[in-house]
Amino acid sequence: MIYKANEQRYSSMSYNKCGNSGLWLPAVSLGLWHNFGGTDCYENGLEIVKYAFDHGITHFDLANNYGPPAGSAEENFGRMLKKEFAPYRDEIIITSKAGHLMWDGPYGDGGSRKYIMASIDQTLKRLQTDYVDIFYSHRYDPNTPLDETLQALCDIVRQGKALYIGLSKYPIDKLLYAFNFLKNAGTPCLVYQDKYNMLARNVEEHHLHAVETHGTGFVAFSPLAQGMLTDKYLHGIPKGSRAERPEGFLKAEQITDKVITTVTRLQEIAQKRGQSTGQLALAWVLHHTAVTSVIIGARDVEQLKENMETLNHLSFTDDEIKKIEEILQA
Ligand SMILES: NC(=O)c1ccc[n+]([C@@H]2O[C@H](COP(=O)([O-])OP(=O)(O)OC[C@H]3O[C@@H](n4cnc5c(N)ncnc54)[C@H](OP(=O)(O)O)[C@@H]3O)[C@@H](O)[C@H]2O)c1
């Protein structure tokens with residue numbers, strides 16, 4: 001049966017301007033790092049993406065190396081795009097990235113022009129599309145002159161293969177340099193992407209201020225700390241959870257007694273607000289004025305649904321913020 005999107009899809013999502021640009025992004029975006037690869041169930045992934053789009057998520061975050069195997073998340077999303085979402089392409093923001101190890105040899109990793117240019121072409125082939133909306137440098141590469149990486153990104157936009165440029169995981173001095181370079185080149189950095197959650201707050205020191213000053217959007221990845229900020233690990237490691245799986249992106253050792261104590265205390269605040277702990281964690285990230293969107297991951301529609309319901313209660317009282325801060329500083 002041909003997919004027809006929910007006509008009410010824009011009624012419950014909130015959209016935030018991405019920095020000073022003209023682009024709006026949904027407060028909640030969907031990331032395809034996990035659960036959408038060649039070893040995952042395609043139909044489950046499709047169900048998640050359909051639910052997301054049917055409820056106002058217009059922004060889907062990918063990278064060349066997402067899978068496993070690397071590239072397969074783009075292939076799967078490309079198949080969905082072609083088979084199900086083709087009539088809606090102009091309602092969708094697709095992002096991809098290059099910067100981490102993707103293929104063997106000296107040209108399959110980092111930030112060289114050779115790697116970036118080959119990557120975008122491979123990405124477009126896998127996604128079966130002529131352009132992505134945002135193309136990111138996935139990380140700062142200390143072994144490539146930054147100008148080389150940035151010029152390659154500008155050229156990709158000039159070639160029409162991406163509409164906007166994004167940067168991810170850059171040290172603050174390199175980020176500030178890049179903002180100026182890209183602005184002078186006439187292709188300003190649309191968005192900066194980094195990890196930000198209640199347990200990982202490094203970006204609060206400089207990056208969040210820098211993006212606000214430069215009119216760049218900020219999207220937060222791993223806003224649930226890969227699941228640690230939900231209740232799921234409070235009584236051990238459930239079967240099938242990310243911390244239990246062999247890939248090792250979330251290690252059991254990361255779920256320390258301190259994390260459990262913190263999340264247990266956050267749970268009390270969440271319950272008083274009538275929210276789940278995960279919803280509290282997402283609302284807290286969105287509370288920062290620099291944050292345009294949280295990119296969440298979801299293993300099934302139930303998780304996605306719960307996470308999207310965060311939008312029903314985003315605001316905090318000063319007292320709640322103070323209590324949360326005390327818990328996070330303890
Ligand atoms: N730029 C970068 O370098 C970079 C790096 C990392 C991620 N990202 C992007 O950010 C996206 C999100 O990252 P992430 O997956 O780490 O985000 P996250 O939202 O912090 O974690 C998602 C995981 O938490 C668990 N979870 C989610 N909702 C839940 C719920 N309601 N109840 C219980 N458990 C729940 C699920 O894991 P279980 O399998 O345990 O259920 C889910 O896969 C990625 O897909 C990617 O697009 C970018």
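Me: Which residues form the negative surface patch?
Reply: This is a predicted model, and side-chain pairs count only at pLDDT 80 or more. Patch members need over 30% relative accessible area and no salt bridge. The residues that form the negative surface patch are D231, E302, E306 and E309.

Me: Where is E309 found?
Reply: E309 belongs to the negative patch. Helix α9 covers 301-308 and helix α10 covers 318-329. E309 is found in the loop between α9 and α10.

Me: Is E309 buried or partly exposed?
Reply: Partly exposed means between the 20% limit for buried and the 50% limit for exposed. E309 has a relative accessible area of 37%, so E309 is partly exposed.

Me: What feature does UniProt place at residues 28-328?
Reply: The entry is unreviewed. In the model, residues 28-328 are 41% helix and 15% strand. The feature that UniProt places there is "domain: NADP-dependent oxidoreductase".

Me: How far apart do the end C-alpha atoms of residues 28-328 lie?
Reply: These residues carry the UniProt domain feature. Their end C-alpha atoms lie apart by 23 Å.

Me: Is Y115 buried or partly exposed?
Reply: Y115 is found in helix α3, residues 113-127. Buried means under 20% relative accessible area. Y115 has 0%, so Y115 is buried.

Me: How far apart in space are Y115 and S72?
Reply: Along the sequence, Y115 and S72 are 43 residues apart. In space, C-alpha to C-alpha, the value is 18 Å.

Me: How many salt bridges does the count come to?
Reply: The rule asks for a side-chain nitrogen of Lys or Arg within 4 Å of a carboxyl oxygen of Asp or Glu. By this rule the count of salt bridges is 16.

Me: The side chain of R139 meets which residue in a salt bridge?
Reply: The N to O distance is 3.1 Å. The pair links distant parts of the chain, 30 residues apart. R139 is in the loop between β6 and α4, and its partner is in the loop between β5 and α3. That partner is D109.

Me: What is the N to O distance in the salt bridge of K174 and D173?
Reply: K174 counts as partly exposed at 27% relative accessibility. D173 counts as partly exposed at 48%. Their side chains meet in a salt bridge with an N to O distance of 3.8 Å.

Me: Why are D319 and K323 separated by about one helical turn?
Reply: D319 forms a salt bridge with K323, with the closest N and O atoms 3.0 Å apart. D319 is partly exposed, with a relative accessible area of 41%. K323 is partly exposed, also with 41%. The separation is about one helical turn because the residues are four residues apart in helix α10.

Me: Is H207 buried or partly exposed?
Reply: H207 is found in helix α6, residues 207-214. The limit for buried is under 20%. H207 has 11% relative accessibility, so H207 counts as buried.

Me: What separates the C-alpha atoms of H207 and P171?
Reply: Along the chain, H207 and P171 are 36 residues apart. Their C-alpha atoms are separated by 8.6 Å.

Me: What is omega for the peptide bond from P68 to P69?
Reply: Most peptide bonds are trans. A cis peptide bond joins G67 and P68, with omega about -5°. P68 lies in the loop between β4 and α2, and P69 lies in the loop between β4 and α2. The bond from P68 to P69 is cis, with omega near -10°.

Me: What is phi of Q226?
Reply: Most residues other than glycine have a negative phi. A225 has a positive phi near 50° and is in the loop between β9 and α7. Q226 is in the loop between β9 and α7. Phi of Q226 is positive, near 60°.

Me: Is Q226 buried or partly exposed?
Reply: A225 is buried, with a relative accessible area of 6%. Q226 has 18% relative accessibility, so Q226 counts as buried.

Notes:
Residues are numbered from 1 along each chain as its sequence is written. This is a predicted model: local features need pLDDT of at least 70, side-chain atom pairs count only at pLDDT 80 or more; totals for chains, interfaces and linings use all residues. Side-chain values use heavy atoms; hydrogens and water are left out. Patches are made of residues with over 30% relative accessible area and no salt bridge: like charges are joined within 9 Å, nonpolar side chains (Val, Leu, Ile, Met, Phe, Trp, Tyr) within 5 Å. Accessible areas come from the Shrake-Rupley method with a 1.4 Å probe; for residues, only the protein chains shown count as cover. Lys and Arg count as positive and Asp and Glu as negative; His and the chain ends are not counted. The place of a charge is taken as NZ of Lys, CZ of Arg, CG of Asp or CD of Glu. Helices (H or I, at least four residues) and strands (E, at least two) are DSSP runs, numbered from the N terminus. Buried means under 20% relative accessible area, exposed over 50%, partly exposed in between (1.4 Å probe, protein chains only). UniProt positions are given in the numbering used here, feature names are shortened, and annotations may be inferred rather than shown by experiment.
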